[in-house]
Amino acid sequence: MSQPGLFDLQFRLMKIDANGDPLVQLNALVPWESFRESLESVHDKQRKSNAGRKAFDVILMFKLLVLQSLYNLSDDQTEQQTLDRLSFMRFLGLELGDRVPDAKTIWLFRERLKEAGLVEEIFERFNGFLETHGFSAKKGQIVDACIVSVPKQRNGREENLRIKQGERIEDWSEAKRRQKDVDARWTKKRGSTYFGYKNHISVDVKHKFVRRWAVTDAAVHDSGVFEELLDDGNSSREVWADSAYRSGETLQRLDELGYREHLQRKGYRNHPLTAWEKSGNRTRSRVRSRVEHVFGVQARRARDGLVQTVGLVRAQVKIGLRNLAYNLDRYAKLACTIG
């Protein structure tokens, strides 16, 4: 076996670049340091003395979570992929001899983000950056929801009934309880059943950035958080959504708030859509379908789609990071095209 050369690593990275490494432009264009002020509060609470090994840099840890969200990796997979992939190491600013955060460290950092409620703060901070750098919300907004599956629970019928009623299962040990997701719910869509949560988002028509988001269990109707997703900062009062959001109450509320609705119409038994209504739906779909790009990108990267988490609060963090990672990646692509 030949001895490694002085420039072997550089040649390998050049080969990776020649094949296209999306992390290069993401690393170069996203204002990572702008998140430091928010993230440093994690270490302020964590570190009680100067003894022991120095904590990993918060930007490094945050970028690890972005990688995890972009490629839907578990904590163990994130550690392994960072050790194994030169493109990940370069993105993180690590050399071959540097320490790599292990799975437990990644988990703890995300837990501290959860406890401090920082995902929402960081998301809004980046939204502010977009506003001041030519990517403000324009031309109206599109509201939609997507099911995010989590590992299925193997509970008995009586246990599931008690969980649905909000009861505590006293027979479970504390160790077992930590592994049980009592917040996720089953739902049915197009004849298939899913277990997990819903990612509700509002996307601006002009740039397709996620501007607002909310996470609920999967059984909550799409329209359940409709009003809280409406982005008052959009330059237009136009709102698009599919037929699941259409009801007399929703239409009245939109009118009261000064929005102009473009909600898909739906037919009913013995009352099918007219040709005029079908034509209107096709016209609205040309705009409304832009939100499918967001979910499509997330689903393509997620592969099996599962989010490895337990409980609503942790699901909010994971799904919130997924939405933020999409926005970061989207910005890098748009900024590169414009630049």
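The legends below describe close-up views of a predicted model.

Residues are numbered from 1 along each chain as its sequence is written. In this predicted model, local features need pLDDT of at least 70 and side-chain atom pairs count only at pLDDT 80 or more, while totals for chains, interfaces and linings use all residues; side-chain values use heavy atoms, with hydrogens and water left out.

**Figure 1. Overview of the protein chain.** The chain has 15 helices and 6 strands, where helices (H or I, at least four residues) and strands (E, at least two) are DSSP runs numbered from the N terminus. Of its 339 residues, 45% count as buried; buried means under 20% relative accessible area, exposed over 50% and partly exposed in between (1.4 Å probe, protein chains only). Among contacts (heavy atoms within 4.5 Å) between residues at least 6 apart in sequence, 67% join residues at least 24 apart.

**Figure 2. The largest nonpolar core and Trp32.** A nonpolar core is a set of buried Ala, Val, Leu, Ile, Met, Phe, Trp, Tyr and Cys residues joined through side-chain atoms within 4.5 Å. The largest one has 67 residues, and Leu26, Trp32, Phe35, Leu39 and Leu328 have the most contacts inside it. Helix H15 (residues 312–338) gives the most to this core, with 12 residues. Apart from this core lies another, of 13 residues, among them Val143, Phe226, Leu229 and Ala241. Beyond the neighbours within four places in sequence, Trp32 is in contact with Leu26, Asn27, Ile59, Phe62, Lys63, Val66, Phe91 and Leu328.

Figure 3. In helix H5 (residues 75–84), the buried residues are Asp75, Thr78 and Thr82. These residues lie on the same side of H5 because they cover an arc of only 55 degrees around the axis, the arc being that of the directions from the helix axis to the C-beta atoms. An α-helix has 3.6 residues a turn, so residues three or four places apart point the same way. Exposed Asp76 and Asp84 are carried on the face turned away from the buried side of H5. The cover over the buried residues of H5 includes helix H4 (58–71), helix H6 (86–92) and helix H7 (103–116).

**Figure 4. The crossing of helices H4 and H7.** The axes of H4 and H7 come within 10 Å and cross at roughly 95 degrees. H4 is therefore roughly perpendicular to H7. Axes are lines fitted to C-alpha atoms, for helices over the stretch in contact, and angles run from 0 to 180 degrees between N-to-C directions; under 35 degrees counts as roughly parallel, over 145 as roughly antiparallel, 65 to 115 as roughly perpendicular and the rest as oblique. H4 contributes Val58, Met61, Phe62, Leu64, Leu65 and Gln68 to the contact, and H7 contributes Thr105, Ile106, Phe109, Arg110 and Leu113.

**Figure 5. Val307 in the loop between H14 and H15.** Val307 is found in the loop that joins helix H14 (290–302) to H15. With a relative accessible area of 4%, Val307 is buried. Val307 and Pro151 are 156 residues apart in sequence and 7.6 Å apart in space, C-alpha to C-alpha. Leaving aside neighbours within four places in sequence, Val307 is in contact with Val148, Ser149, Val150, Pro151, Lys318 and Arg322.

**Figure 6. Asp329 in helix H15.** Asp329 has its place in helix H15 and is buried, with a relative accessible area of 7%.
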